[in-house]
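Here is a short briefing for anyone meeting this structure for the first time. Take a look at the picture, then read on.

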Amino acid sequence: MDKLDAVKSVFSASLENLERVANEVSLKSAVETIVDEAFEEATIKSIVEEAVEEILSEMSDEENE
């Protein structure tokens, strides 16, 4: 019975470690996804801002003519 309890204890500890690692990997993946999405949004925002500035500049040039 003592050997069985020892084996159960080892498997239980191993399972807890696997769960902890899985949670850490899941959290890391979630953070990476958030960072990637934020970068994409910032890139899109930058492109739109540049386009708006260019359009406003062209409109200003046309008004000055």
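The accessible surface of the protein chain is about 6100 Å², and carbon and sulfur atoms hold 60% of that area; accessible areas come from the Shrake-Rupley method with a 1.4 Å probe, and for residues only the protein chains shown count as cover. Please keep in mind that this is a predicted model, where local features need pLDDT of at least 70 and side-chain atom pairs count only at pLDDT 80 or more, while totals for chains, interfaces and linings use all residues. Residues are numbered from 1 along each chain as its sequence is written, and side-chain values use heavy atoms, with hydrogens and water left out.

**Overall form**

- The protein chain has one helix and zero strands (helices, H or I, are DSSP runs of at least four residues and strands, E, of at least two, numbered from the N terminus).
- Along the principal axes, the C-alpha atoms fill a box of roughly 95 × 5 × 5 Å.
- The radius of gyration of the protein chain is 28 Å, whereas a compact globule of 65 residues would have one near 11 Å (it is taken over C-alpha atoms, and the globule rule is 2.2 Å times the number of residues to the power 0.38).
- Of the 65 residues, 0% are buried (buried means under 20% relative accessible area, exposed over 50%, and partly exposed in between, with a 1.4 Å probe and protein chains only).

**Surface patches**

- A patch of negative charge on the surface gathers E49, E50, E53, E54, E58, D61, E62, E63 and E65 (patch residues have over 30% relative accessible area and no salt bridge, with like charges joined within 9 Å and nonpolar side chains, Val, Leu, Ile, Met, Phe, Trp and Tyr, within 5 Å).
- E49 sits in helix α1, which covers residues 2-64, and is partly exposed at 42% relative accessible area.
- I44, V48, V52, I55, L56 and M59 make a nonpolar surface patch of about 550 Å².
- V48 also belongs to helix α1 and is partly exposed, at 46%.

**Charges and their pairing**

- The protein chain carries 5 positive and 19 negative charges, whose mean positions are 29 Å apart (Lys and Arg count as positive, Asp and Glu as negative, and His and the chain ends are not counted; each charge is placed at NZ of Lys, CZ of Arg, CG of Asp or CD of Glu).
- One salt bridge is found in the whole structure (a side-chain nitrogen of Lys or Arg within 4 Å of a carboxyl oxygen of Asp or Glu).
- R20 forms a salt bridge with E24, and their closest N and O atoms are 3.2 Å apart.
- Both R20 and E24 lie in helix α1, four residues apart, about one turn of the helix.
- R20 is partly exposed at 43% relative accessibility, and E24 is partly exposed at 44%.
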